[in-house]
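Visitor: Could you walk me through this structure? I'd like to learn how to read its features.

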Amino acid sequence: MWEELTERQASALARLREPFPEDAVELRPVYVGEYDRNDAGDRFIPPEAYHVCPRCGKRHPLPAKHLSYIGHAAVTKRLNDIDPSWSWRAMASRPDGAPLIIAGGLWIYLTVCGVERIGYGDADGKLGADVTKEVIGDAIRNAAMRFGCGLEMWMRDDEEVTLPPMAEDGRVPFSPHLGSKATKAQRKLADTIAAIHDLGAYDGNDIARAVFDEFGQHYYRMNEPTVEAALNFIDEAFPLPDPQCECQLPLPADDVEVIRI
């Protein structure tokens, strides 16, 4: 059944469909590279895939495509400008009244200018205290898209794949995958791998993978005793040549004076 809209509703909803300025468009990276699997068979993105992206400037796994989207703040501002009394409600709620999130997702009703549309949101694999907020924001953006808000973002065909940056020597850089709460031991291990990589003797990404294969644990998640074991493993598996001082050149025999005592 067609909805009978008043002229005022139709005019307001038409403004909701207006294109956003380019400075409001954000890029969401989507990893398109190969995955590793743990002993349980679960796949995960290998840590060596994380780099500072040359396209968006953010740190995320590469290679990746970039999807254009409009962020929650911009969508909320557009809704406020069109209808200050817009609202949303969950399709289902828990006994305490909180939105019912099932399998990480939330279905909602979004009402704008007296017209209601459904939407679905999830946290896209994110974890932590802000998951519920992320799910709600995604559901509102999704439902607003049903009104045509930011719809052009879904219609963009961007097949460009951004590859990992290459160093001057043609190798993929080793970019330590450390969080803000990394321990001193974890940083020591990451610095050791990075130093060996910078020397050019071995590839730091190969070392990180070898450490994982040996210990079944990523270097950035190891405790202090395991870090020490990993450092010993690296010393044995990736021996470095003896350092040579460029200033120490062999002297011709004629320039050597033998002093007898």
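Guide: Let's go through the packing and then a sheet. This is a predicted model, where local features need pLDDT of at least 70, side-chain atom pairs count only at pLDDT 80 or more, and totals for chains, interfaces and linings use all residues. Residues are numbered from 1 along each chain as its sequence is written, and side-chain values use heavy atoms, with hydrogens and water left out.

Visitor: Which residues have the most contacts inside the largest nonpolar core?

Guide: A nonpolar core is a set of buried Ala, Val, Leu, Ile, Met, Phe, Trp, Tyr and Cys residues joined through side-chain atoms within 4.5 Å; buried means under 20% relative accessible area (1.4 Å probe, protein chains only). Here the largest one has 28 residues, and Leu13, Leu16, Leu79, Leu110, Val112 and Phe147 have the most contacts inside it. Two or more residues come from each of α1 (7–16), α2 (72–82), β8 (105–112) and α3 (131–146), with α3 giving the most, six. Helices (H or I, at least four residues) and strands (E, at least two) are DSSP runs, numbered from the N terminus.

Visitor: What does Leu79 touch?

Guide: Contact means heavy atoms within 4.5 Å. Not counting residues up to four places away in sequence, Leu79 touches Leu16, Pro84, Trp86, Val112 and Ile140.

Visitor: What is the strand order in the open sheet?

Guide: Strands of a sheet pair through backbone hydrogen bonds, either parallel or antiparallel; two strands pair if DSSP finds at least two bridges between them. This open sheet of three strands runs β7-β8-β9, with antiparallel pairing. β7 (87–90) and β9 (115–122) are at the edges with a single partner strand each, so one side of each has no neighbour in the sheet. β7 and β8 pair over four bridges, and Ser87 has Thr111 in β8 as its bridge partner.

Definitions and conventions
Buried < 20%, exposed > 50% of the residue type's maximum accessible area, 1.4 Å probe, protein only.
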